[in-house]
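Here is a short tour of one structure, for reading alongside the model. Please keep the 3D view open as you go.

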Amino acid sequence: VPLQAFGGGLVQPGGSLRLSCTASGSIVRINAMGWYRQAPGKQRELVATITSGGSTNYVDSVKGRFTISRDNNKNTVYLQMNSLKPEDTAVYYCNADIRPIRSLNYYDYWGQGTLVTVSS
């Protein structure tokens, strides 16, 4: 099940970006979806997650600035990022817990990553 992430780019401090990630293919159901990021020289960290019912969770450093949402009809998760800071610079990866067709199990899928650079 491919996950395609879009929306990264270069933005000035204080600016905004919206990331999107769509799961395609034959899918029965998607449980949690989320965004992670990996800055140069650092480990990948959780940014935000959202359950199929819409419950959200954020890392403390983005609370009040980032908003995660999803469109279940489109199998898409979004990350609206406002008031961006240089320390938000990272490659952002989407993640989803998906049950593919012809399977009773859920599997962890990752998108290819999209680079967000916050710099003046």
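## An arginine over two rings

Let's start with Arg44, whose charged end sits over the ring of Tyr93, 3.8 Å from the ring centre. Arg44 also lies over the face of Trp110, and here the distance to the ring centre is 4.8 Å. Please bear in mind that this is a predicted model, so the distances are computed from predicted atoms.

## The open sheet

Next, the strands. Four of them form an open sheet in the order S1-S3-S8-S7, with antiparallel pairing. Strand S1 (3-6) and S7 are the edge strands, each pairing on one side only. From one strand to the next, the twist averages 15°.

At the S7 end, S7 and strand S8 (residues 76-81) are joined by six bridges in the antiparallel sense. To find one of these places in your viewer, look for Thr67, whose bridge partner in S8 is Gln80.

Is Arg65 buried or exposed? Its relative accessibility is 10%, and because buried means under 20%, Arg65 counts as buried. This residue is found in the loop between strand S6 (56-58) and strand S7 (66-71).

Which residues does Arg65 touch, leaving aside its neighbours within four places in sequence? Its contacts are Gln80, Met81, Asn82, Ser83, Leu84, Lys85 and Asp88. With Ser83 there is a polar contact: a polar atom of the Arg65 side chain lies 2.9 Å from the backbone oxygen of Ser83. Gln80, another residue in contact with Arg65, is the bridge partner of Thr67 described above.

How values were computed
Residues are numbered from 1 along each chain as its sequence is written. This is a predicted model: local features need pLDDT of at least 70, side-chain atom pairs count only at pLDDT 80 or more; totals for chains, interfaces and linings use all residues. Side-chain values use heavy atoms; hydrogens and water are left out. Helices (H or I, at least four residues) and strands (E, at least two) are DSSP runs, numbered from the N terminus. Buried means under 20% relative accessible area, exposed over 50%, partly exposed in between (1.4 Å probe, protein chains only). A polar contact is a pair of N or O atoms within 3.5 Å; within protein, one must be able to donate a hydrogen and the other to accept it, and residues adjacent in sequence count only if both atoms are side-chain atoms. Contact means heavy atoms within 4.5 Å. Two strands pair if DSSP finds at least two bridges between them. Axes are lines fitted to C-alpha atoms, for helices over the stretch in contact, and angles run from 0 to 180 degrees between N-to-C directions. A charge sits over a ring if NZ of Lys or CZ of Arg is within 6 Å of the ring centre and within 35 degrees of the ring normal.
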